[in-house]
Amino acid sequence: GLYGKLFDSTVGMIGFGLVMFWVFAGFFGGVMDWVTTHDTLSQVSGMKNKGPGTPLNGAEAGDYQWFLLGGDNLARDVFSRLFDGAWIVVLIAPMATLFAFMVGITLGLPAGYYGGKLDTFLSFLANLILAFPVILLFFLLVTPEIVLTGIPNYMAAILFFFPLVFFYVLLNSRFYTQPSVRTPLLIVVLGGLFWAYLSLISNDGAIVSNASYTLPGLPVFLDWIRMPSEILVVFVSVVFVNAPTVFRIVRGLTLDIKTRDYVAAAETRGEGPWYIMLWEILPNARGPLIVDFCLRIGYITILLGTLGFFGLGVSPESPDWGMTINEGRKLLSIYPHLAIPP
């Protein structure tokens, strides 16, 4: 199966190794702080633009003695910022892709299965979003003026609700004839997902907070998913831009698969529409969706770097790779070690 295809392929193992290296680098560098050698914001006197392997100026007992990849133009350790910034990509790219798929699948299945006016309306919305250049949409969504209006926060409240809808119809359609199993399962799963949903869209006890008004959210002591407002804006922007493409893929696959004999057999058995969509059509559409999911993580990684390069959506002191490249490119001909690692 998949195990054999991956481990028997030289190209597959090279790709797997590259991906897992940065997954571990992001986790152990950005979360555990086991890899980073210095604080990513600390400035060390005399280390400005120093080359890789330069001994630390004025090192004390317990300090790591070198800047392994040199110092940047603010005398910060390039190595530590590289590995700390990896976690931003490792965390956002797969999660944003997953949420985009939740939105696209939840809307694409009924659009392709039912057709008619529902399909026309949802396809029109998807085409309307896809008609705009991706970078232009990003610029619009992450600009400070738009952020202050609270629009990205309201978009998060809508887009992040789709996983709840997806898992509700998934479990309800599967265990509809077993209420003794369905009810406690839905309570546990939806209760946990709803808590995670409120925690995602809340920031410091508020869903939206600006000079005009404040929309209260989850209390701080219950907010177990801490997502900074600038990361939330980037996350929402990525989901919003990618969901229409996923919708079109799922819709196209559904239009094809719904004509198969096994779907007709499920209809003859008296299965409900959502059971057929989620338990007959979706599993048989998994091949193209898995491929697109993996490719889309790569596309989103590049988009995140593009946003950081333009200084949009992340704080100025962030170790984001795109922002680091932008800072280092101005001195690329003199100090290439600033931009080449990120």
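Is Thr 97 buried or exposed? Select Thr 97 in helix H3: with a relative accessible area of 0%, Thr 97 is buried. Buried means under 20% relative accessible area, exposed over 50%, and partly exposed in between, with a 1.4 Å probe and protein chains only. Helices (H or I, at least four residues) and strands (E, at least two) are DSSP runs numbered from the N terminus.

The model is predicted, so local features need pLDDT of at least 70 and side-chain atom pairs count only at pLDDT 80 or more, while totals for chains, interfaces and linings use all residues. Residues are numbered from 1 along each chain as its sequence is written, and side-chain values use heavy atoms, leaving out hydrogens and water.

Contact here means heavy atoms within 4.5 Å.

**The largest core.** Next select Ile 92, Phe 160, Phe 235, Val 236, Val 238, Val 239 and Leu 304, the residues with the most contacts inside the largest nonpolar core, which has 38 residues. Such a core is a set of buried Ala, Val, Leu, Ile, Met, Phe, Trp, Tyr and Cys residues joined through side-chain atoms within 4.5 Å. Elements that each supply at least two residues of this core include helix H3 (78-114), strand E3 (206-209), helix H10 (229-257) and helix H13 (286-309). H10 provides the largest share, ten residues. Zoom in on Phe 235: beyond its neighbours within four places in sequence, Phe 235 is in contact with Ile 92, Met 95, Ala 96, Phe 99, Phe 160 and Met 227.

**A second core.** Move to Met 102, Ile 105, Ile 257 and Met 277, which are among the 21 residues of a second, separate core.

**Helix H12.** Select residues 273-284. The buried residues of H12 are Tyr 275, Ile 276, Met 277, Leu 278, Glu 280, Ile 281 and Leu 282. Their cover includes H3, H8, H10, helix H11 (261-269) and H13.

**The surface patch.** Finally, select Phe 121, Phe 124, Leu 125, Leu 128, Phe 132, Leu 136 and Leu 140, a nonpolar surface patch with about 660 Å² of accessible area together. Patch residues have over 30% relative accessible area and no salt bridge; nonpolar side chains (Val, Leu, Ile, Met, Phe, Trp, Tyr) are joined within 5 Å and like charges within 9 Å. A salt bridge is a side-chain nitrogen of Lys or Arg within 4 Å of a carboxyl oxygen of Asp or Glu. Areas come from the Shrake-Rupley method with a 1.4 Å probe; for residues, only the protein chains shown count as cover. H4 gives the most to the patch, four residues. Leu 125 of helix H4 is partly exposed, at 35% relative accessible area.

Key: The expected span of a helix is 1.5 Å times one less than its number of residues.
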